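Student: Could you walk me through how to read some local and packing features of a model like this one?

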Amino acid sequence: MKKSILSGLKILLAFTLLTGMVYPLIITGIAQAVFPRQSNGSLVSIGQKACGSELLGQEFKSDRYFWSRPSSCNYATLPSGASNWGPTSDTLRKAIEMRKADFIRSNRLPLNTVVPVEMLTASGSGLDPHISPESAELQIGRITTARHFTTAQSQQLRRLVACHIEQPQFGCLGEKRINVLQLNRDLDLLR
Amino acid sequence: MNTFIQLALFFGALILLTPVLGKYIKKVIGGEKHLLTPVFGWLERLIYRFCGVDPQQEMNWKQYLFALLWFNFFGFVVVFALQMTQAWLPLNPAKVPNTSWHLALNTAISFVTNTNWQSYSGETTMSYLTQMAALGVQNFLSAATGLAVLIALMKGLIKNTKQQLGNFWVDLTRSVIYILLPVSILFAVVLVNQGVVQTFSSYTDTTTLEGVKQVIPLGPAASQIAIKQLGTNGGGFFGVNSAHPFENPTPFSNFLEMLAILLIPAALTYTYGLFIGSKKQGWTLFGAMLIVLCIGLGVSLYAEYAANPALHITGSMEGKETRFGIVNSIIWSTSTTVASNGSVNAMHDSLSPLAGLVAMFNMMLGEVVFGGVGSGLYGMIAFVILTVFIAGLMVGRTPEYLGKKIESFEVRMALIAVLAPAVCILAFTAIAVSTHAGLAGLNNKGPHGLSEILYAFTSACGNNGSAFAGLTTNTPFYNVLLSICMLVGRFGVIIPMMAIAGSMAGKKVTPVSSGTFHTDNGMFLILLIGVIIIVGGLTFFPALSLGPILEHLLMQAGMTF
C-alpha cells in the first residue's frame, strides 16, 4: 500500500516533467523553428512597426476605415469576452436595434437596407477579425466620401474589397469573409 | 449546400478514423507490439524503473481504485499549490497574482476530474507555469485516468473467474505515452501552422491603425489546446476558449479541433468491440451514440437557422465567429456537450433556446454519448447493464451481459453511477435559485436565468466544463458548490464502475444459448437509446420545461426580459 502511494508520487513527477515541461518545450522548439510567424501571433506590420495581429480584430471608429463587428469588450484583449446575452434578452434586443440604426445612418443607406446579421451582433471572442463581404460593400460609400475619393479611386476601392474576400478554406470549410485589419491597411496604401 | 458538405466531411472523417485509431488503441492497451513500441518503448521502461513499478504485478479492483484515488489526490494538491504560489514562481511574464483559495480549489478539482470548468480567464489569471505544469499535465492525466478505468472494466467483463484487473500504473503510462502524447504532438504542430500561438515570450504591445494600444496575449497555447481537445478536457488557454482566434484561427483548425473532441471516445467503441471479441457490439454502441448525437444536432441546427421573433433577427450571430458561421458553431456545441469536452467556439449562453436545451440535455444524459475519454464508454456500460436488466425483467429471465450474470450488486452500482450526478444537478440548482448568493451571478433575466444556473450544475456534474458563461461563478458559493458537483460526477461514477469491474471479473462465462438476450443488434440499440433518453428526459423534464422550453415559447411570442 505504501509502495503504491510512493509509486503514485513518482509517476506524477515523471509525467509533470514529460507532459508539463518536455512536451511544451518540444512543441515550442518546432513551432519557433518551422512556423515563427504564426507561433508569435501572426503580427501585421507597417514598415517596422507592428500594428496588430492578422488574427485579432481591432476597433475602427473613423469614417475613413471599414468597421469591425460589434465587440462586447471593445476589442480589449486582457481578457476578451462576449456579451453572453441570451435569445430573449431585452438588452440584446435594444443593442441590435441601435446598431442597425447606427449602421444605416453612418453609411447613409436606405432605411430598408438589410444589415448583415454579424454587424448587429457581437462575436464570441470579442476579437472577431472578420466581417462578411456584404458588410464591407455596404461601407464603401461612406469611406469614399470620408476620403474624398474620385470615381477612379472608388472603383479601385471596390476592386480592393473584392480581392480581400477569403473563400471558404479548401473550398468548403467555414464562411466567406474579409479580414478587416488587412483590408484597412491596404486601404491606407490606395493612391 | 456548404452546410451539408461540412456535415458530411465531419461525420465521414469520424467514421473512417474510428476503426483505425480503435485498432491501434487495442494494441496499446493489450500490450501488443505496435507502431510506436520501437519509438517510445524505452521511455515506458524508463518510467517503470524510475517509479519502482513492476509492470507484471496485477491488481484487484480495490488496489486498482486505491492507486487511482491517491494519484488523483496528489494531482489535485499540485494544481492547487501551483495556483496559490504562481506569483513567486518562474515563467510568469505577465506577472499574474496568486489566485484565491476557492478559485484554486475549483480549478484543481476541475482539471483533475477532466471537467475543466473555468471560473477564470487564463490570459489574466494563470501563469505560463501553471498552465503547463499544472493544468496541461492534468489534461493528460485525467484523460488517462478515464482510460484506465475503462481498461480495467473491459478486463473485468472478459476475464473468467479471475479477480485481477491489470496494473493501474501500466494502463496510465501506456495511455499517455502511446496514445495521448503522440497524437497531441502531431496535432499541436498543425495547429501552430494554422496560427495558434506557441511561445514563452511575454505579451507584445502593438498600436492599432487608429493609434490605440493593443496588447497581444501570447503563451504556449498550441501544446495545451491539442490535448485539451483530444483528452476531452476543454479548458481554454484563453478565457473565450476556442472562439479566441489564437486558439482556433481558421476553419481548418476548427474542423480538426471538432474532430479531436470525438476522436478518442469514438475510437474506444471499436477498441471495446475488439476487446470483447465482437466488433458488432462495438459498432452497436457507436451507432447508438451517433444517432443520439445526430438527433440533437438536427434540432439545434433547425433552431439556429430559424428566425428569432423576440430579437427580430434570423440566424443570430451573437456569440459566434464569422469564420465559423452557424453550422460549425453548432456541430461544435453538440459535439462538445455529448463528449464531456466542454470547450466552446461560440458562446452557448447566446444560443437559441432549443440549441441551448440540446446542449444541456446532452450533458444530462450522463456524458455517455461518446462522452469523455474512457469515462464516456464506462458510463455507457452502466446504461448497457441497466438496459440488459430492464430487458431481462420484461421477459422474466436472469439478465446477462457478455455471458456473465447481471445480479443485484451490479444493478445497484450501475444505478448509483447513473443517479448520483443527476441528484446532484437538481439539488444544487434548487439551492442556487433559492439563495441570494446563487442568484447574484445572473447575467440574464426570465427563464434564461434559470437555464444559466441549471447549465452550470449540469456541466459540472457531467464533468463537461462548458458554460452559459454569463453567470459569474468566481465566487466562494459557486466555486465550492461546483467543486462538489465535479467530484460526485467523477468519482460517484468511477467507484461504482470499478466495483462492477471487480465483481464481474469474478464471474463465470456461460456459453451463448438460444435464450441469450443479444446485445449486438438493432433491437438492443433501440432499447439502449430508449433507456438513455428516458432516464435523462424524465429526470430533468420539469427543470427543462421551466428553463429553455418556456423560453422558446416566450421567444416565439416575441417576449424579452
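Tutor: Gladly. We start with how elements are named: helices are DSSP runs of H or I with at least four residues, strands are runs of E with at least two, and both are numbered from the N terminus. Keep in mind that this is a predicted model.

Student: Where does A:Tyr75 lie in chain A?

Tutor: A:Tyr75 sits in the loop between S2 and H3 of chain A.

Student: What should I look for in its backbone?

Tutor: Start with the general idea: most residues other than glycine have a negative phi, and most peptide bonds are trans. In this model, phi of A:Tyr75 is near 60°, a positive value in a residue that is not glycine.

Student: Which peptide bond is cis?

Tutor: The one joining A:Leu78 and A:Pro79, where omega is about -15°. A:Pro79 is also in a loop, the one between strand S2 (49-53) and helix H3 (90-106) of chain A.

Student: Does A:Tyr75 count as buried or exposed?

Tutor: A residue is buried if 20 or more other C-beta atoms lie within 10 Å of its own. A:Tyr75 has 23 C-beta neighbours inside 10 Å, so it counts as buried.

Student: And what is the phi of B:Phe370?

Tutor: About 70°, which is positive although B:Phe370 is not a glycine. B:Phe370 belongs to the loop between helix H12 (353-364) and helix H13 (375-395) of chain B. It counts as buried because it has 31 C-beta neighbours inside 10 Å.

Student: Let's turn to helix packing. How do I read the angle between H12(B) and helix H16 of chain B?

Tutor: Angles under 35 degrees count as roughly parallel. The axes of H12(B) and H16(B), residues 447-461, cross at roughly 30° and come within 9 Å. H12(B) and H16(B) are therefore roughly parallel to each other, and their crossing is left-handed. From H12(B), the contact is made by B:Gly356, B:Met360, B:Met363 and B:Met364, and from H16(B) by B:Ser451, B:Leu454, B:Tyr455, B:Thr458 and B:Ser459. By class, that contact has 5 nonpolar, 4 polar and no charged residues.

Student: At what angle do H6(B) and H13(B) pack?

Tutor: At about 40°, with their axes 8 Å apart. H6(B) and H13(B) are therefore oblique to each other. H6(B) contributes B:Gly146, B:Val149, B:Leu150 and B:Leu153 to the contact, while H13(B) contributes B:Ser375, B:Leu377, B:Tyr378 and B:Ile381. The classes here are 6 nonpolar, 2 polar and no charged residues.

Student: Which residues touch the most other members of the largest nonpolar core?

Tutor: B:Leu153, B:Ala222 and B:Met497 do, in a core of 196 residues. Helix H6 (residues 128-158) of chain B gives the most to this core, with 19 residues. Leaving aside residues up to four places away in sequence, B:Ala222 touches residues of chain A, A:Ile27 and A:Ala31, and residues of chain B, among them B:Ala188, B:Leu191 and B:Val192. There is also a second, separate core of 28 residues, which includes A:Ala95, A:Val180, A:Leu181 and B:Met317.

Student: How many residues of chain B are in contact with chain A?

Tutor: The size of an interface is often given as the accessible area lost when the parts come together. Here we have contacts: 100 residues of chain B are in contact with 85 residues of chain A. Helix H7 (residues 168-194) of chain B supplies the largest share of chain B's side, 9 residues. By class, that side has 56 nonpolar, 36 polar and 8 charged residues.

How values were computed
Residues numbered from 1 in each chain as written. Chains lettered and ligands numbered in written order. Predicted model: local features only at pLDDT ≥ 70, side-chain atom pairs only at ≥ 80, totals over all residues. Buried ≥ 20, exposed ≤ 12 C-beta atoms within 10 Å, placed from the backbone. Contact = placed C-beta atoms within 7 Å. Nonpolar A, V, L, I, M, F, W, Y, C, P; charged D, E, K, R; others polar. Core = buried A, V, L, I, M, F, W, Y, C linked by C-beta atoms within 7 Å. Axes fitted to C-alpha atoms, helices over the stretch in contact; angles between N-to-C directions. Parallel < 35°, antiparallel > 145°, perpendicular 65-115°, else oblique. Left-handed = near helix turned anticlockwise from the far one by under 90°.
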